[in-house]
Amino acid sequence: MPAEHFDAIVVGAGPSGNAAAYTMGKAGMNVLQIDRGEYPGSKNVQGAILYADALERIIPDFRETAPLERHVVEQRFWMLSENSHTGTHHRSDTFNEEKPNRYTILRAQFDKWFSKQVREAGVTLITETTVTELVKNEAGKVIGVLTDREGGPVYADVVVLGEGVNGLVGQRSGFRPELKPQHVALAVKETHFLPEETIRERFNLADEEEGVVIEVLGSVSSGMVGTGFLYTNKESISIGVGCLVADFAREKIPPYELLDRFKNHPSVKPLLKGAEMKEYVAHLIPEGGYDAIPRLTGDGWLIVGDAGQFLNAVHREGSNLAMTSGRLAGESLAALKAQGLPASEENLKLYRDALEESFVIKDLRKYRKIPRLLEKNRQLFTTYPAILNRSMNAFLRVDGRDKRAKEAEILKGLKTSRGNWLNVAVDMLKVARAWR
């Protein structure tokens with residue numbers, strides 16, 4: 001390990017760690033980045049959504065070299081029952097703009113590219129290395145890290161923890177509580193390969209640049225709090241499902257079995273016809289929301305990305321919160337460095353205030369009641385999607401019955417499924433209150 005003293009050490013080379021390291025490197029800081037993978041992205045084979053605005057604020061010309069798959073021109077939302085789906089979608093030619101707003105990406109390729117930009121900014125990267133603990137002085141200030149390599153501790157003015165939702169360094173140091181199973185989801189994903197022209201025709205896309213995203217609620221999660229998703233890449237489809245770890249433990253449903261059910265649903269199976277599955281991955285996603293955010297700063301350390309529970313579960317946004325928190329951390333530390341100020345708990349208020357003023361905390365605070373709402377109201381994943389699909393089936397079926405009788409049947413089904421109209425009204429009120 002390098003023996004010199006660094007301005008900053010960044011633990012992790014995901015979106016948040018890369019954003020922090022790049023920002024500090026471009027500001028002229030001497031930065032060491034440590035990642036446990038063989039190379040950045042080696043453990044991230046899954047597909048994902050990239051939100052361009054967050055990355056553009058870090059690397060304005062990223063589109064010229066980044067390994068982007070397709071820009072999203074259509075978003076579909078499905079409510080699944082066992083044998084049907086009811087949905088809505090939005091498609092707009094305005095998404096075919098000069099600088100598109102959202103892209104599908106393959107994380108292994110993208111993270112490797114992002115890491116290359118970080119190194120070109122002057123950051124020293126060490127891979128295949130695990131940070132085992134933080135080094136503190138007698139006053140309790142973090143002054144460096146210990147790793148599984150020989151050579152003793154590595155010192156720095158500040159340590160940035162971008163180690164992910166299940167990172168142990170922050171937990172061992174007492175900065176983050178142990179993960180609660182209701183605050184984290186387990187997502188399983190597969191990548192299915194198809195010819196580019198097949199994907200284009202199957203999803204009604206004009207060319208190899210356009211893409212579609214499908215997000216799914218209902219029977220896909222088998223009564224658990226969770227969702228399914230499907231992304232189109234250039235020559236592959238990323239498909240997956242994620243549910244709370246607490247639910248997997250309670251229901252005893254293997255994650256791969258849940259994904260197999262989703263893939264074989266009559267609305268999904270035709271989209272994967274003829275595809276070759278080559279990659280399978282499982283990873284944890286923070287789902288605790290605003291109330292699960294841990295302490296974010298202390299003397300000589302701060303937290304970014306998934307380690308801080310920065311994920312908007314309502315809008316399924318994660319990479320933009322991760323990169324934005326990393327950028328704000330990097331900017332704050334660069335500003336303190338320029339002023340000759342230490343990265344103390346007091347001075348790191350600069351980072352906390354920047355987060356408070358950003359969409360990251362504002363959005364998480366807006367939806368702070370949603371995690372508990374979903375956890376305590378499973379009918380939102382079971383009863384209502386089923387009712388909606390039965391109702392649409394009855395509404396569209398022409399069978400000689402008059403329409404008034406059909407409408408009465410639909411309303412009766414809704415009332416029966418929830419016991420009485422009061423329960424339906426209470427459900428709607430809960431959703432409205434949580435959404436405010």
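Q: Where is His 265 found in this predicted model?

A: In this predicted model, His 265 is found in the loop that lies between helix 7 (255-263) and helix 8 (269-272).

Q: Is His 265 buried or exposed?

A: A residue counts as buried when its relative accessible area is under 20%. His 265 has a relative accessible area of 5%, so it is buried.

Q: Which residues does His 265 touch, if those up to four places away in sequence are not counted?

A: Leaving out those sequence neighbours, His 265 touches Leu 80, Ser 81, Glu 82, Asn 83 and Ser 84, together with Pro 270. Of these, Pro 270 belongs to helix 8 (269-272).

Q: How do strand 8 and strand 9 run, and how many bridges join them?

A: Two strands are read as a pair if at least two bridges are found between them. Strand 8 (residues 131-136) and strand 9 (residues 142-147) run antiparallel and are joined by five bridges. Within this pairing, Lys 136 stands opposite Val 142 of strand 9.

Q: What do strand 8 and strand 9 form, and which residue in the turn has a positive phi?

A: The two strands form a hairpin, with five residues between them. In the turn, Gly 140 has a positive phi of about 90°.

Q: What does the side chain of Thr 147 reach?

A: Thr 147 is found in strand 9. Its side chain reaches the backbone nitrogen of Arg 149 at 3.1 Å. The relative accessible area of Thr 147 is 10%, which means that this residue is buried.

Q: Where does Gly 298 lie, and is it buried or exposed?

A: Gly 298 lies in strand 17 (residues 297-298). Its relative accessibility is 0%, and therefore it counts as buried.

Q: Which residues does Gly 298 touch, and how many residues apart in sequence are Gly 298 and Ala 66?

A: When residues up to four places away in sequence are not counted, Gly 298 touches Ala 343, Ser 344, Glu 345 and Leu 348. Gly 298 and Ala 66 are 232 residues apart in sequence, and their C-alpha atoms are 34 Å apart in space.

Technical notes
Residues numbered from 1 in each chain as written. Predicted model: local features only at pLDDT ≥ 70, side-chain atom pairs only at ≥ 80, totals over all residues. Heavy atoms only, no water. Helix = DSSP H or I, 4+ residues; strand = E, 2+ residues; numbered from the N terminus. Buried < 20%, exposed > 50% of the residue type's maximum accessible area, 1.4 Å probe, protein only. Contact = heavy atoms within 4.5 Å. Polar contact = N/O pair within 3.5 Å; in protein donor to acceptor, adjacent residues only side chain to side chain.
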